[in-house]
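Please open the model in your viewer and keep the selection panel at hand. The tour below goes from one selection to the next.

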Amino acid sequence: KNDGKVGIGSTIPRSELDINGGIISFGTITGSNGLVLTNGSIRKTTNAGSLIIENTGTVTGDTIDFKTNSSNRMTITKDGKVGIGSMQPIAELNIIGDVISSGTITGSNGLNITNGTVTIPNLNINSGDITNCGNINLSSGKYINLNNGNISSGGIITAATLTGDVSKATSLTLQTTGASGNDIELKTGNTPTTKVIIKNDGKVGIGSTIPRSELDINGGIIS
């Protein structure tokens, strides 16, 4: 065009180089002010080497953004933080939205869930803490196992079995819902046995799993 724009496969180029078709390159493709790919794909077809997408900028705002339907879906910042649903991630992985995992989620220095809900089959914390400002829901009959870890919850923790320590900044409520048999049991020992039970009708048993009155103690009392 007379304004210097070049069209390949296009008679109305929209930029300095507008290609309507594929590009095969054995070198580096550089866009100093950005690279826009519309309705296409980037592929590496050889076995050796890596496919590298790089932004060499060093100031805030020099990011790699992935968009669909003209909306930002994932951002990688200059310091390596990845945001999914967030354009300004504050951690190495910052997700605004839901996470579905069929494998293991590991947080070596803890797991921080802000204003959200965790729904999982079983929860094992081997070393580290979960700082949770939302809810933790486990499937029926599943458990939470804390081995050298802690949960600090501002919400509701739902599980059939809870092993370990749980702390809450305000009052800590242990609650069961449902019909007869949904009791609260406090167990200790290498092979845990019930030491205290609170039945769903409010009866408390100490040393007895079938309390006959509001407080049923099977053992001595020192006052």
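Begin by selecting β4 and β5, which run antiparallel and are joined by three bridges; strands here are DSSP runs (E, at least two residues) numbered from the N terminus, and two of them pair if DSSP finds at least two bridges between them. This is a predicted model, in which local features need pLDDT of at least 70 and side-chain atom pairs count only at pLDDT 80 or more, while totals for chains, interfaces and linings use all residues. Residues are numbered from 1 along each chain as its sequence is written, and side-chain values use heavy atoms, with hydrogens and water left out.

Within this pair, Thr-75 stands opposite Gly-83 in β5.

Next, select Lys-81, in the loop between β4 (71-76) and β5 (82-84). Lys-81 is buried, with a relative accessible area of 18%, where buried means under 20% (1.4 Å probe, protein chains only). Leaving aside neighbours within four places in sequence, Lys-81 is in contact (heavy atoms within 4.5 Å) with residues including Thr-75, Pro-89 and Glu-92.

Now move to β15 (residues 184-188) and β16 (residues 193-198), an antiparallel pair with five bridges, in which Thr-188 stands opposite Thr-193. These strands form a hairpin with four residues between them, and Gly-189 in the turn has a positive phi of about 105°.

Definitions and conventions. Buried < 20%, exposed > 50% of the residue type's maximum accessible area, 1.4 Å probe, protein only.
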